[in-house]
Number of protein chains: 2
Amino acid sequence: MEHSHHIVIIGGGFGGLYAAQSLKNAPVRITLIDRRNFHLFQPLLYQVATGDLSPANIASPLRVILRRQKNVKILLAEVTGFDIGNRRVITCDGDLKFDSLIVATGSANHYFGHDTWQPLAPGLKTLEDAFEIRNRMMRAYERAEKEPDPELKKEWLSFVVVGAGSTGVELAGALAEIANDTLVNDFRTIDPGYSSITLIEGMDRILPQFPEELSASAKKSLEHLGVTVLNGAMVEEITPESVTYKIGDRTERISSRTVLWTAGIKASPIGKALADSTGVELDRSGRVIVLQDCSIQGWRDVFVIGDLAHFSDPDGNPLPGLAPVAMQQGRYVAKLIEGRMKGESKLGFRYRDFGTMSILGRNSAVAMIDGLRFSGWFAWFLWLFVHLRGIIQFGNKLLILTQWAWKYFTRDHYAGFITTNETNESDDDFCKYCGK
Amino acid sequence: MEHSHHIVIIGGGFGGLYAAQSLKNAPVRITLIDRRNFHLFQPLLYQVATGDLSPANIASPLRVILRRQKNVKILLAEVTGFDIGNRRVITCDGDLKFDSLIVATGSANHYFGHDTWQPLAPGLKTLEDAFEIRNRMMRAYERAEKEPDPELKKEWLSFVVVGAGSTGVELAGALAEIANDTLVNDFRTIDPGYSSITLIEGMDRILPQFPEELSASAKKSLEHLGVTVLNGAMVEEITPESVTYKIGDRTERISSRTVLWTAGIKASPIGKALADSTGVELDRSGRVIVLQDCSIQGWRDVFVIGDLAHFSDPDGNPLPGLAPVAMQQGRYVAKLIEGRMKGESKLGFRYRDFGTMSILGRNSAVAMIDGLRFSGWFAWFLWLFVHLRGIIQFGNKLLILTQWAWKYFTRDHYAGFITTNETNESDDDFCKYCGK
């Protein structure tokens, strides 16, 4: 039997996927549209960037995840606009009519008007971003190994991470561990003494979402690994060989061939397309302002959830762009739609904050759970537990566990190989293999 | 202590890597040059193409494999030529002087003068080839799922493999299994009835390296999986929508959007560069004719091994391009060089043929070992055993075993996701995500 109520969900990230899964037993037809054919477990993406995990460990095909849920169709397509008045979503591959619409297309890297920095300092939002970072990091090591001049060696082994939110801190920690483990073992002419990792943050402390005490503890852990943490430093220029920043009233410059950008996030452009069709208001970062039931002003059947939504908490602050927010909103909206079909109404969405955590390296993390603060080994163990639990639902439990155990004991970054795009002949100022 | 005898090895495939490892305890300095930073376990590459294995399962960084062998330096560089008279190898990154040289750069896809077929029908030699095939296959499924016209649906689900050597047969078998398993479970509007897999071979039987009896048995197994096997068929044209071939005196045409090419192999262009510098003779496929000790005419310290070498067996036939040949030659040349340093001489190289095997799908293979012939389940088990044993040496044993077990029981092609090259803006006649 085909049900008549048609729910279109755009985006197979945490928000969209949870919404779809929560509608498992609802008498509805669901179309889940994504331009990628997989769900990405983004909290572990940095481990693909560092060569610790394979893409398949953190990416699961949407069709595999939703195989048994017969009321879902998956459509691989790019949404190009809306005609909300006629209840239509426009894709690269034709229009779709919806009864309810859930938009969950997330966010992208943001360079605050410095778009020329993008090719110089890749961000970390997509699998391809992770490959790009992995390739740059591995190439930098290879170049350093071949370089006879000690000053240039240091330049190749100088890594700068801009932005000290969770992603930036996790990347900096992982880079430091690679420098400490890999350089000693795998290269002949370089050692950790040549290497430097600098974390640049504009605010006066790292991990600003945590209490000051944990920020301080995280900073100590990173410094112990060999990371130089610069707070209150604003990047002014990025070139292929350096980063210039202002700290206090001084302007300083670090020579570096590998700069990574985790300092800014902007909403997906689908938010703008939705605003064009509905007149809904966007905030400064392009997020869609939503009502307390995650619908948008004037359109009770159109919902925006996750990183794309600007949802005001009781204090008037927007909820942070975290996986748990997206998941809970996905589940909430699913239940709201299902309830409405039975004539039930539902209170507004409330975010339940179970805690926040960031990993800082082998055996070290910071966590805040239900108001309790943890750091060090126990926080690391919590981090591991929560992320394994999270990824179980996407079918890769066994693999990722083996891989982590392997890595923990061997310290091998076994997935650290450099791939090339053999068909791309355009950027050949370099040898495409060694990067020279 | 730095030893004075410097051995340069070009290529980190089976031949080069085995040569390096066999020189572990020799009083020499070794430089292993490769343009890639990893060794690829090529016999399983087709499983990356079908989304069954992750790249990290079959690719290991050379630095990880050779970590503990202190007499080896690895140089990531592309060899551009030779100045053998002055004992020099020329790379993109400067010259290297050698005392002994081992060239093991293998082979590449060959289209017999039809180079325009290359973008239409990718081969399977590199990791990037495997990604390309995986992307095309997954995109074809996605396109078929969206296609309302049953004829076009069939066209999208028609896969043609050209060439029925081991790689072609293994690919065809794996594609058939995917069609049988995945299509039923993961898609809503397509089923195996829409799908067709055609294997085109110019010779009168498949797997010509095996006895006729096993070729016949392999053909039966493939047909049982649903593969159409065409023998004595010569491809005349490939277009984005079709393959035209001549069989007997008829010309026929198959509509297909996904054509894979495993019909030809040519030697790496390094062979030509070596001939330019030494005057050594090449055979018709560009392989370097080597003497019975794997050195080349006139240059007793220059060796060519593996797929790049044309080594005549006692009957005057060249040895086949197989991993065991490369490995044994690598080990032989290593021992030869080590022996010479002690003033010892050594008989010519003799290939010990331990057997050949090809997998035909779940629980089915053909194998010939020491003259004994196997097919079916037992041959499959042998295949699994030999390949697991082979890959153990490269450190991925545990992972690959888990992955295979997982796949065996779930039939999930969990690594089947489509990646894009986000930075490549040139080929956008298509939507880069869904391929339309």
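Let me begin with two helices: the axes of helix 7 (residues 166-186) of chain A and helix 8 of chain A come within 9 Å and cross at roughly 25°. Axes here are lines fitted to C-alpha atoms, for helices over the stretch in contact, and angles run from 0 to 180 degrees between N-to-C directions. Helices (H or I, at least four residues) and strands (E, at least two) are DSSP runs, numbered from the N terminus.

Before I continue, please note that this is a predicted model, in which local features need pLDDT of at least 70 and side-chain atom pairs count only at pLDDT 80 or more, while totals for chains, interfaces and linings use all residues. Residues are numbered from 1 along each chain as its sequence is written, and chains are lettered from A and ligands numbered from 1 in the order in which they are written.

How are helix 7 and helix 8 of chain A oriented to each other? They are roughly parallel, a term that covers angles under 35 degrees, with over 145 counting as roughly antiparallel, 65 to 115 as roughly perpendicular and the rest as oblique. Helix 7 of chain A passes helix 8 of chain A in a left-handed crossing, meaning that the near helix is turned anticlockwise from the far one by less than a right angle; clockwise would be right-handed. Which residues meet? From helix 7 of chain A come Val169(A), Ala172(A), Gly173(A), Ala176(A) and Glu177(A), and from helix 8 of chain A come Ala218(A), Leu222(A) and Leu225(A).

Let us turn to chain B. Its helix 7 (residues 166-186) and helix 8 (residues 212-225) pack at an angle of about 25°, with their axes 9 Å apart. The crossing of helix 7 of chain B past helix 8 of chain B is left-handed. Among the residues making the contact are Val169(B) of helix 7 and Leu222(B) of helix 8; contact requires C-beta atoms, placed from the backbone, to lie within 7 Å.

Also in chain B, seven of the nine residues of helix 1 (residues 14-22) are buried, so this helix is largely enclosed by the rest of the structure. Buried residues have 20 or more other C-beta atoms within 10 Å of their own, exposed ones 12 or fewer, and partly exposed ones fall in between, with C-beta atoms placed from the backbone. Phe14(B), Leu17(B) and Tyr18(B) are among the buried residues of helix 1 of chain B.

I return to chain A and its strands. Three of them form an open sheet in the order 23-24-25, with antiparallel pairing; two strands pair if DSSP finds at least two bridges between them. Strand 23 (356-361) and strand 25 (372-376) of chain A are the edge strands, each pairing on one side only. Neighbouring strands of this sheet are turned by 5° against each other on average, direction ignored. Helix 8 (residues 212-225) of chain A packs on the sheet and touches strand 23, strand 24 and strand 25 of chain A. Strand 24 (residues 364-369) and strand 25 of chain A are joined by five bridges, and Val366(A) has Ser375(A) as its bridge partner.

A hairpin comes next. Strand 14 and strand 15 of chain A form it with two residues between them. Strand 14 (residues 233-239) pairs with strand 15 (residues 242-247) of chain A over six bridges, in the antiparallel sense.

Finally, chain A overall: twelve helices and 25 strands, with 51% of its 436 residues counting as buried.

Methods:
Contact = placed C-beta atoms within 7 Å.
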